[in-house]
Amino acid sequence: MNAFQNANGKPILLGMVSAIQANKAYLGEVDGLIGDGDHGMNMNKGFTMFGERIANRAISFTEGLDELGTLLFTEIGGSMGPIYGTVFTSMAEAAEDVTEIGVAELSAMLENGLKELREIVEAQVGDKTLVDALSPALDALRAAQTARKTLPAALKAMKTAAAAGRDSTKDLMAKFGRSARLGERSRGVLDAGATSCCIILTAMADGILALMEVAA
């Protein structure tokens with residue numbers, strides 16, 4: 001088995017919700033070092049609302065991503081609502097009619113998410129934003145697709161790349177957001193967006209792996 005059924009993706013979504021809830025305080029601490037400290041609170045609020053809304057409903061992976069993105073975009077404050085809202089709705093758009101999601105489909109989803117994000121945020125790798133985690137994760141999936149790797153292998157590579165990207169932000173100077181005002185003083189701290197992005201991508205990957213194990 002080298003793909004998972006889109007229609008069966010609800011557990012993946014709930015795993016993402018749980019991961020953000022479990023890291024609410026940590027994300028607040030990271031953000032508080034050079035930002036306003038509300039990243040964990042806002043992310044937890046949005047993901048918890050989403051989890052409650054789908055708790056008793058049947059929903060596919062892409063339908064859930066679209067609903068999560070819309071909720072974050074329209075109902076959650078801070079800069080990350082529109083940013084993650086754009087990423088998730090764009091990911092869903094790239095695979096809304098797909099029945100099975102494998103390496104190629106997941107790669108296309110992340111690619112569209114990053115593409116549409118760059119329509120509203122000019123951040124590049126090295127600017128100390130969530131792009132520093134998202135872009136390497138996409139690169140890892142693309143490489144896995146080219147090498148014809150299995151989905152589990154691709155997901156492992158994606159998680160590793162996202163974590164390395166997150167960690168790279170510690171030595172970077174912020175170019176966007178409130179922390180950019182600190183200049184050189186923004187070095188030495190992880191970026192909150194890159195940290196939450198890594199948490200989300202890791203939970204997504206782990207949820208897919210768990211779903212594939214059940215289906216095997």
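Helices (H or I, at least four residues) and strands (E, at least two) are DSSP runs, numbered from the N terminus. The structure is a predicted model, in which local features need pLDDT of at least 70 and side-chain atom pairs count only at pLDDT 80 or more, while totals for chains, interfaces and linings use all residues. Residues are numbered from 1 along each chain as its sequence is written, and side-chain values use heavy atoms, with hydrogens and water left out.

- Helix α5 covers residues 80-93, and its 14 residues should span 20 Å at 1.5 Å a residue, which agrees with the 19 Å between its end C-alpha atoms; the expected span of a helix is 1.5 Å times one less than its number of residues.
- Eleven of the 14 residues of α5 are buried, and the helix is therefore described as mostly covered, where buried means under 20% relative accessible area, exposed over 50%, and partly exposed in between (1.4 Å probe, protein chains only).
- The buried residues of α5 are Met80, Gly81, Ile83, Tyr84, Gly85, Thr86, Val87, Phe88, Ser90, Met91 and Ala92.
- These buried residues of α5 pack against α1 (10-22), α3 (39-54), α4 (61-75), α6 (103-120), α7 (131-146) and α9 (192-215), with contact meaning heavy atoms within 4.5 Å.

- The buried residues of α1 are Lys10, Ile12, Leu13, Met16, Val17, Ala19 and Ile20.
- Helix α7, with 16 residues, reaches 22 Å from its first C-alpha to its last, close to the 22 Å expected at 1.5 Å a residue.
- Among the buried residues of α7 are Val131, Asp132, Leu134 and Ser135, and the buried residues of this helix pack against α5, α6, α8 and α9.

**The cavity**

- A cavity is a set of points, on a 1 Å grid over the protein atoms alone, where a 1.4 Å probe fits but cannot get out, and its lining residues have an atom within 4 Å of a point.
- The count comes to one cavity of 30 Å³ or more, and about 60 Å³ of space lies in the largest cavity, where grid points are joined across faces, edges and corners and a volume is the space filled by probe spheres set on the points.
- The largest cavity is lined by Tyr84, Val87, Phe88, Met91, Leu130, Leu134, Cys197, Ile200 and Leu201, and the elements that give two or more residues to this lining are α5 and α9.
- Helix α5 gives the largest share of that lining, namely four residues.
- The lining has nine nonpolar residues, no polar and no charged ones, where Ala, Val, Leu, Ile, Met, Phe, Trp, Tyr, Cys and Pro count as nonpolar, Asp, Glu, Lys and Arg as charged, and the others, Gly among them, as polar.

**Aromatic pairs**

- Rings of Phe, Tyr and Trp (its six-membered ring) pair if their centres lie within 6.5 Å, and planes under 30 degrees apart count as stacked, over 60 as edge-to-face and the rest as tilted.
- By this rule there are three aromatic pairs, and one of them, Phe4 with Phe61, is edge-to-face at 5.6 Å centre to centre and 75° between the planes.
- Phe4 lies in strand β1 (residues 4-5) and Phe61 in helix α4, so their pair ties together parts that are 57 residues apart in sequence.
- Phe4 is buried because its relative accessible area is 3%, and Phe61 counts as buried at 0% relative accessibility.
- The rings of Tyr84 and Phe88 have their centres 5.7 Å apart and their planes at 15°, so this pair is stacked.
- Tyr84 and Phe88 both lie in helix α5, four residues apart, about one turn of the helix, and ring pairs link Phe47, Tyr84 and Phe88 into a cluster.

**Loop residues**

- Lys128, in the loop between α6 and α7, has a positive phi near 65° although it is a residue other than glycine, and it counts as buried at 1% relative accessibility.
- Arg148, which follows α7, is not a glycine either and has a positive phi of about 60°, but it counts as exposed at 76% relative accessibility.
- Val125, found in the loop between α6 and α7, is in contact with Arg118, Val131, Asp132 and Ser135, leaving aside its neighbours within four places in sequence.

Terms used
1 Å grid on protein atoms, 1.4 Å probe; cavity = no way out; pocket = protein on both sides within 12 Å on 5 of 7 lines; lining within 4 Å.
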